[in-house]
Amino acid sequence: QDYLKASYLKLTCLLQLKDYRGALDVCLSALNKAVSKDDILSFMYGEAEIYIRLENYKKAKVILTKVLE
């Protein structure tokens, strides 16, 4: 749980620094360790936000569709 909290903080910092590739790595790593629905949804949303900032709207749409399900 502490790992996921630290990952979310790191994700937020990387987004502020506009290091989107690093933020994506953090998201994918955290998603592999996330168990609770809330944690999974948070990192999926973060992943979608990164793809939007990278202007990869197709991937963002796929992820946001999964979040809605």
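Leaving aside neighbours within four places in sequence, which residues is A34 in contact with? They are L4, D39 and I40, where contact means heavy atoms within 4.5 Å. The points below cover this and other features of the chain.

1. Basis. This is a predicted model, in which local features need pLDDT of at least 70 and side-chain atom pairs count only at pLDDT 80 or more, while totals for chains, interfaces and linings use all residues. Residues are numbered from 1 along each chain as its sequence is written, and side-chain values use heavy atoms, with hydrogens and water left out.

2. Secondary structure. The chain has 4 helices and 0 strands, and its order along the sequence is α-α-α-α. Helices (H or I, at least four residues) and strands (E, at least two) are DSSP runs, numbered from the N terminus.

3. Overall dimensions. The radius of gyration of the chain is 11 Å, which agrees with the value near 11 Å for a compact globule of 69 residues. That radius is taken over C-alpha atoms, and the globule rule is 2.2 Å times the number of residues to the power 0.38. Along the principal axes, the C-alpha atoms fill a box of roughly 30 × 30 × 15 Å.

4. Burial and surface. Of the 69 residues in the chain, 33% are buried; buried means under 20% relative accessible area, exposed over 50%, and partly exposed in between (1.4 Å probe, protein chains only). The chain exposes about 4,900 Å², with carbon and sulfur atoms supplying 56% of that area. Accessible areas come from the Shrake-Rupley method with a 1.4 Å probe; for residues, only the protein chains shown count as cover. Among contacts between residues at least 6 apart in sequence, 42% join residues at least 24 apart.

5. A34 and its surroundings. A34 is found in the loop between α2 and α3. With a relative accessible area of 12%, A34 is buried. A34 and L4 are 30 residues apart in sequence, yet their C-alpha atoms are 7.1 Å apart in space.

6. The end of α2. K33 belongs to helix α2, which covers residues 20-33. The C-alpha distance from N32 to Y8 is 13 Å, for a sequence separation of 24 residues.

7. S7. This residue has its place in helix α1. At 6% relative accessibility, S7 counts as buried. S7 touches V26, A30 and F43, not counting residues up to four places away in sequence.

8. E47, a point to check. E47 is found in helix α3, residues 37-53. E47 is buried yet has no salt bridge, and K59, the nearest side chain of opposite charge, is 7.4 Å away. Not counting residues up to four places away in sequence, E47 touches L24, C27, L28, L31 and I63.

9. The chain has 11 positive and 9 negative side chains, and the centres of the two sets lie 4 Å apart. Lys and Arg count as positive and Asp and Glu as negative; His and the chain ends are not counted. The place of a charge is taken as NZ of Lys, CZ of Arg, CG of Asp or CD of Glu. The structure holds 1 salt bridge, defined as a side-chain nitrogen of Lys or Arg within 4 Å of a carboxyl oxygen of Asp or Glu. E49 forms it with R53, the closest N and O atoms being 2.7 Å apart. Because E49 and R53 are 4 residues apart in helix α3, about one helical turn separates them. E49 counts as partly exposed at 24% relative accessibility, and R53 counts as partly exposed at 36%.

10. Backbone angles in two loops. Most residues other than glycine have a negative phi. K18, which is not a glycine, has a positive phi of about 65°. K18 has its place in the loop between α1 (2-16) and α2, and at 61% relative accessibility counts as exposed. E55, likewise not a glycine, has a positive phi of about 60°. E55 lies in the loop between α3 and α4 (57-68), and is exposed with a relative accessible area of 59%.
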